[in-house]
Amino acid sequence: MKKKSELILRNILFKKRPVDLKINSEIEEWLIKIGSSELILPALYFNILTKQIKHYFSDEFINYLKYIFNENYKRNKILKSEIKQIESILADLDIIFIKGSFLIVNDYVKAEERMIGDIDFLFK
């Protein structure tokens, strides 16, 4: 089951348009477990929506991912604001934001798609 679940996860995240996904509750539970531990639930939901494959999954699964996605978006908006404040307070220092902080502030990824646990930066 693990191999099949891993293949499904790779297909959702990396294939342009996965087809004939055989999803059951056991696979959904595995996706939530792995998605939570790897902080990719928002990206998983984003890919399911953009690839229009929502119909393969249960409503309960989709609603849970949607909830996580929306909560993550709210949290990242707050973090983005806090990053701007830090940038302003430390304006006299040579500072660079790194990792997820950099990606969010510079709009390299959508704020709702990336999970961020903290604000990382370097300064001289």
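How many aromatic pairs does a search of the whole structure find?

Analyst: The model is a predicted one, and a search through the whole structure gives four aromatic pairs.

Take Tyr-45 and Phe-69 to begin with. Their ring centres lie 5.0 Å apart and the ring planes stand at 55°, so this pair is classed as tilted. Tyr-45 belongs to helix α3 and Phe-69 to helix α4, so the pair ties together parts of the chain that are 24 residues apart in sequence. Both Tyr-45 and Phe-69 are buried.

Another tilted pair is made by Phe-121 and Phe-123, with 6.2 Å from centre to centre and 35° between the planes. Phe-121 has a relative accessible area of 28%, so Phe-121 is partly exposed. Phe-123 comes to 52% relative accessibility and therefore counts as exposed, the cut-off being over 50%.

The largest nonpolar core has 21 residues, and the members that touch the most other members are Ile-12, Leu-31, Leu-44, Ile-48, Phe-57, Phe-61 and Leu-65. At least two residues of this core come from each of α1 (2-14), α2 (25-37), α3 (41-50) and α4. Leu-44 gives a picture of the packing: leaving aside residues up to four places away in sequence, Leu-44 touches Leu-9, Ile-12, Leu-13, Leu-31, Phe-61 and Leu-65. As background, nonpolar side chains in soluble globular proteins tend to be buried together.

Now the charged groups. Side chains of opposite charge can pair when their charged atoms come close. With a cut-off of 4 Å between nitrogen and carboxyl oxygen, the count of salt bridges is two.

One of them joins the side chains of Glu-71 and Lys-74, at 3.0 Å from N to O. Glu-71 and Lys-74 both sit in helix α4 (residues 59-89) and are three residues apart, which means a separation of about one helical turn. Glu-71 has 32% relative accessibility and so counts as partly exposed. Lys-74, at 48%, also counts as partly exposed.

The other salt bridge is between the side chains of Lys-99 and Asp-120, at 3.7 Å from N to O. This pair links distant parts of the chain, with Lys-99 in helix α5 (residues 99-105) and Asp-120 in strand β2 (residues 120-123), 21 residues apart.

The protein chain has five helices and two strands, and from the N terminus on the elements run α-α-α-α-β-α-β. Its C-alpha atoms fill a box of roughly 55 × 25 × 25 Å along the principal axes. Of the 124 residues, 35% are buried. Among contacts with a separation of 6 or more, 62% are between residues 24 or more positions apart. The accessible surface of the protein chain is about 8200 Å², and carbon and sulfur atoms hold 54% of it.

Note on methods
Residues are numbered from 1 along each chain as its sequence is written. This is a predicted model: local features need pLDDT of at least 70, side-chain atom pairs count only at pLDDT 80 or more; totals for chains, interfaces and linings use all residues. Side-chain values use heavy atoms; hydrogens and water are left out. Helices (H or I, at least four residues) and strands (E, at least two) are DSSP runs, numbered from the N terminus. Buried means under 20% relative accessible area, exposed over 50%, partly exposed in between (1.4 Å probe, protein chains only). A nonpolar core is a set of buried Ala, Val, Leu, Ile, Met, Phe, Trp, Tyr and Cys residues joined through side-chain atoms within 4.5 Å. Contact means heavy atoms within 4.5 Å. Rings of Phe, Tyr and Trp (its six-membered ring) pair if their centres lie within 6.5 Å; planes under 30 degrees apart count as stacked, over 60 as edge-to-face and the rest as tilted. Accessible areas come from the Shrake-Rupley method with a 1.4 Å probe; for residues, only the protein chains shown count as cover.
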